[in-house]
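Welcome, and thanks for taking a look at this one with us. Here is a short briefing to read alongside the structure.

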Amino acid sequence: EHSIPCHRLVRALNHFLPADMAVLSCEEAPLDFHARYSCTGKEYIYKIWNHPVRDPFGDGYLLHYWYPLDEAVLNEAAKHYLGSRDFTSFCTLDSRDKGDLTRTVTRSEVTRQGDLVTFTVAADGFLYNMVRIIAGTLVDVGTGKIQPEDIEKIIESKDRSLAGKTLQPNGLYLVEVNYE
């Protein structure tokens, strides 16, 4: 709650934010609104620079992966994540209460623009490190360690050790959060 009206709050907040952040818009929400728990879905992308030579401008922003990746094969594998599934195999488990590990993935695709390979995934929610593990598993598909159809077996196994490694966070971007 604040006395500054929404149309002025954007400018006021941007005055104090660092140069690499900006508020784009503002709107009033109900008092029971919670940014995390009122969310109905999210979309992430994971960017991979797929070239023998690293991109110096992408340092810290892209995963540099120098072995060739076939985006058509990766996209075929990505389709196996669609639907309502228990993603135990694709999350980092710790001492917290596990709860329900079922998530509904509504979009999962891999595209390429030149040397930039982008994995896009949207779901009703995500588990801890889920996108980075799914992307790591797709990289393993690209190297032939895992076949696209093996994704189904990995999901059904509920065994984290069968999935790919957790990729580093650079390259991961939250691009959309949905609310009713």
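How much accessible surface does the chain have, and what percentage of it belongs to carbon and sulfur atoms? The accessible surface comes to about 11,300 Å², and carbon and sulfur atoms account for 52% of it. Please keep in mind that this is a predicted model.

**Overall build**
- The C-alpha trace of the chain spans about 60 × 40 × 30 Å along its principal axes.
- You will find 4 helices and 6 strands in the chain.
- Read from the N terminus on, these elements follow the order α-β-β-α-β-β-β-α-α-β.

**Burial and contacts**
- The chain has 180 residues, and 36% of them are buried.
- Take the contacts between residues at least 6 apart in sequence: 66% of these join residues at least 24 apart.

**The largest pocket**
- The volume of the largest pocket is about 640 Å³.
- Its lining consists of 25 residues.
- Nearest the centre of the largest pocket lie Arg 36, Arg 103, Phe 126, Leu 127 and Tyr 128.
- Strand S1 (39-49) and helix H3 (130-143) are the elements that each give two or more residues to this lining.
- Sorted by class, the lining of the largest pocket holds 12 nonpolar residues, 10 charged residues and 3 polar ones.

Key: Residues are numbered from 1 along each chain as its sequence is written. This is a predicted model: local features need pLDDT of at least 70, side-chain atom pairs count only at pLDDT 80 or more; totals for chains, interfaces and linings use all residues. Side-chain values use heavy atoms; hydrogens and water are left out. On a 1 Å grid over the protein atoms alone, a cavity is a set of points where a 1.4 Å probe fits but cannot get out, and a pocket is an open set with protein on both sides within 12 Å along at least five of seven lines; lining residues have an atom within 4 Å of a point. Grid points are joined across faces, edges and corners, and a volume is the space filled by probe spheres set on the points. Ala, Val, Leu, Ile, Met, Phe, Trp, Tyr, Cys and Pro count as nonpolar, Asp, Glu, Lys and Arg as charged, and the others, Gly among them, as polar. Buried means under 20% relative accessible area, exposed over 50%, partly exposed in between (1.4 Å probe, protein chains only). Contact means heavy atoms within 4.5 Å. Accessible areas come from the Shrake-Rupley method with a 1.4 Å probe; for residues, only the protein chains shown count as cover.
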